[in-house]
Amino acid sequence: MAEKVPKIGSRVEIVGKDVKGKVAFVGNTNFSSGKWFGVILDEPKGKNNGCVQGKAYFTCPDNYGIFVRQTQLLVLDEDIGTKGRASSSPSTGSMENISSVKEAPEKRRKSSFTTNIPKFPTDKGAKDAANMAEAPSHGSSSSSLKSSMIEENASENSADIISIKNAASTLEFKGLLLQKDQEIDSLKNEIKDLNEKIETLKIKRLEDQSKIKEAEKTKIQVQQLLEYKAKITEVQADLQRQLTQAKKEAKEAIEAKEQHAEEMSDLAEAMELATLDKEMAEEKCETLQAELEQTKEKLEELQIDYEILKTEMSDKGGDGTATLYQVKQLEQQNERLKEALVKMRDLSAQEKQEYQRTQKELDQAKSEISELSRAKEKLSLLVDDYEKQLGELKEQVDAALGSEEMIELLTERNLALEDRVRELQVLVDDLERLQDVNDQLQETAKETELELREEVDMLNAKILEGQRKLEATQEAIADYEQTIQKFRDQTEQLRETNHELQMQLQKESDRVAMSKPVEYFDFKVKYAETKAFARAVEMDLRRLEVQEATQHVNYLCAFMPDNFLCRGSDHDAILVLLLIPRMITKAEILASQVKEKFPCPEEISKDIVLKTHKIDQYSFANRLLYQLYFLQSLLHQYSSALNHCNMELFMKIGTLYMEMAVQEKALDFYIDLLRKDQLDENVNLDALIKSVIYFYNLYSVHLSSETVDCTSLMADHMKLIGAACESIHTDISSVKVLLDNSGESSEFGILLRDVCTYSDDVRQFVKKIRRRLP
């Protein structure tokens, strides 16, 4: 018979370790090829917890899991034992069923007296019949006894029903009789079904007896196979132990070989260094000897000069003091040369000593190298022996397992399936690429359609604006014509009055001068005056509303408890709620004013970069806008988090009001500079950066787990990215303008060009995302 294959959930014993467990995984793994079995052991003698190399195949406690091959598993035959135990006691089960059948009529009689409605235990009777059928020796007697008992119960139930019919005289008893008749019919049908089931169970029991005999034969064969398998596993375990020992020895030999190679390389390096030192020492020695010879020649020349001078002095006698002075100088030079000679001798002696030392070290290194080469030869011989032993052990293991052919077949099938999977994967990739291309084309078509629609809308808006301007200009022209006509009429009247009033010319001229502002009526000035007057009235009304609101708040605070206005109380929390939107509006006002004050230059040329400050101002404006947009995004997150947080966190944030109020002064500082027209590229942005860092750190500590308004966050981040890209684009374009033609073709110029294109692409993506935001 074939060996029983363990399945998931079956109890197994691991050969060679004397440990039992339960199979939890069957299949291929990532750490090795082939079929592996994952077993949860009963004792902590495993190697893992079901997880190998970061992938979990099953779960169990640490050191309770192990992966083995099928040849190392022995399936425990627990099912056969349970069947044998069940078949060994058929007589007892049949006797119990018979006693339960005997007790059933008495229970039915009791129930008929109490409820006057007979009840038949159908489920229990079926179970008893099944248990009786499991006993082959007493099957016929128990079935006949069962049928007779059922007939007796039916007769007793019919007698009860007849007595009830005689006693019944009302409609209620008739209804009960009808119900009992129906129950009797159903019980008779159930009796027929149970008899049929008993017959089928008898036939099955005969078939089971033949199967049990075959199972006993197979059990004997399985035991023989298990004994043979145990012997094979013992041999395999011994071979595996020998193989592991050989692998360990081979590893040790390889490590020793690697250490020897490293030592040899170190010695070779030391030899090279020593040879280099030797060459350097020889060169120094040669140079010193040359210098020594030169100094000797100089000394001989000086001695000759000295003797010449002595002879001259002896010839001349003591004529002049100059000769004595020269003699002293020559003596000093001689002394210096002597000192130099002594030093040169010392240096040459030191060089000789160093040369001797290096020679000795070289000799020692050569001897060590020879010894190490001998050790290397010995170790190489040992490695060859171990490799031969390893090959023999592998051959023995392969012969014991006898699974090379199956592995080859499985590998061929696996390779064929992998090729098929690769082909299908290629087809899937092609289809996915086509789908992506189709999606991209659809998206580009939609985007171009949206862009064209936006352009059409913009052109329509421009046309409408042009029409409005045209109408306004026409109205202005009509007003101007009316004023010109009035002016002409008035000039004619003045001419007539001049002719009539020649005597009072001075008075009339003064009157005309006073009436000129009325005559030359400027509608624009009048409109501006009315608008300024309306604005002043509106400002007064707003000032009045603010005063009333502050007075109202003061009145409300007067009725609040004393702890309401304490530091860190509810009042500070409310002030934080008011502070966040106020800072957002201030940042928005500052950003809009900065955009108006520092517009984008139409073109970036070399003259503009070198002679003006427009590029510096625009880049400063972009940096300031970046910081302002960053602060706005953080403050929007604060507002959404504070609107949805719990009371404890809200009060905790309220305790930080004084620190937050200090950060508001940075915005007030830049607004004040903008009001005084002192905001330019020389202003430092450290205060704004510090406030941004403060709010960022505070949010990450307290409010990072709260809900965030994703649409506003996305819009703020798009503003941030747009400002950053605009700043990068201006700086890079200004640098590109300053580069020459040769600089543009260099690596730096190509890098600048790539960064500029990337920033343009990012800006286009930002525009698309803004367009799709709700």
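Trainee: Why is Asn 63 called partly exposed?
Mentor: Its relative accessibility is 40%. Buried means under 20% relative accessible area, exposed means over 50%, and partly exposed lies in between (1.4 Å probe, protein chains only). Asn 63 therefore counts as partly exposed. One caution: this is a predicted model, where local features need pLDDT of at least 70 and side-chain atom pairs pLDDT 80 or more, while totals for chains, interfaces and linings use all residues. Residues are numbered from 1 along each chain as its sequence is written, and side-chain values use heavy atoms, without hydrogens or water.

Trainee: Where is Asn 63 found?
Mentor: Look in the loop between strand S5 (55-56) and strand S6 (65-68). Helices (H or I, at least four residues) and strands (E, at least two) are DSSP runs, numbered from the N terminus.

Trainee: What makes the phi of Asn 63 worth a remark?
Mentor: It is positive, about 65°, although Asn 63 is not a glycine. Most residues other than glycine have a negative phi. Asp 677 also has a positive phi, about 60°, and is not a glycine.

Trainee: Is Asp 677 buried or exposed, and how do you know?
Mentor: Its relative accessibility is 55%, so Asp 677 counts as exposed. Its place is the loop between helix H14 (657-675) and helix H15 (686-703).

Trainee: Which residues of helix H13 are buried?
Mentor: In H13 (residues 647-654) they are Leu 649, Phe 650, Ile 653 and Gly 654.

Trainee: How do you know that they line one face of the helix?
Mentor: Look down the axis of H13: the buried residues fall within an arc of 145°, so they line one face. The arc is taken from the directions from the helix axis to the C-beta atoms. Met 647 and Glu 648 are exposed, on the face turned away from the buried side.

Trainee: How many salt bridges does the structure hold?
Mentor: There are 17.

Trainee: Why is the contact of Lys 768 with Glu 447 called a salt bridge?
Mentor: The closest N and O atoms are 3.0 Å apart. A salt bridge needs a side-chain nitrogen of Lys or Arg within 4 Å of a carboxyl oxygen of Asp or Glu, so the pair qualifies. Lys 768 sits in helix H18 (residues 747-772) and Glu 447 in helix H7 (residues 404-500), so the bridge ties together parts that are 321 residues apart in sequence.

Trainee: Is Glu 447 buried or exposed?
Mentor: With 12% relative accessibility, Glu 447 counts as buried. Glu 447 also meets Arg 772 in a salt bridge (3.0 Å, N to O). That pair links H18 and H7 again, 325 residues apart. Arg 772 counts as exposed, at 54%.

Trainee: What links Glu 454 and Arg 771?
Mentor: A salt bridge between their side chains, 2.8 Å from N to O. Glu 454 is in H7 and Arg 771 in H18, 317 residues apart. Both count as partly exposed: Glu 454 at 31%, Arg 771 at 28%. Elsewhere, shared partners join Arg 582, Lys 586, Glu 664 and Asp 668 into one salt-bridge network.

Trainee: What makes a surface patch positive, negative or nonpolar?
Mentor: Patch residues have over 30% relative accessible area and no salt bridge; like charges are joined within 9 Å, nonpolar side chains (Val, Leu, Ile, Met, Phe, Trp, Tyr) within 5 Å. Lys and Arg count as positive, Asp and Glu as negative; His and the chain ends are not counted. The place of a charge is NZ of Lys, CZ of Arg, CG of Asp or CD of Glu.

Trainee: Which residues form the positive patch?
Mentor: Lys 247, Lys 248, Lys 251 and Lys 394. Helix H5 (residues 171-316) gives the largest share, three residues. Lys 394 lies in helix H6 (residues 321-401) and is partly exposed, at 46%.

Trainee: Which residues gather in the negative patch?
Mentor: Among them are Glu 249, Glu 258, Asp 266 and Glu 272. Glu 258 is in H5 and counts as partly exposed, at 46%.

Conventions: Areas by Shrake-Rupley, 256 points an atom, 1.4 Å probe, with all protein chains shown as cover.
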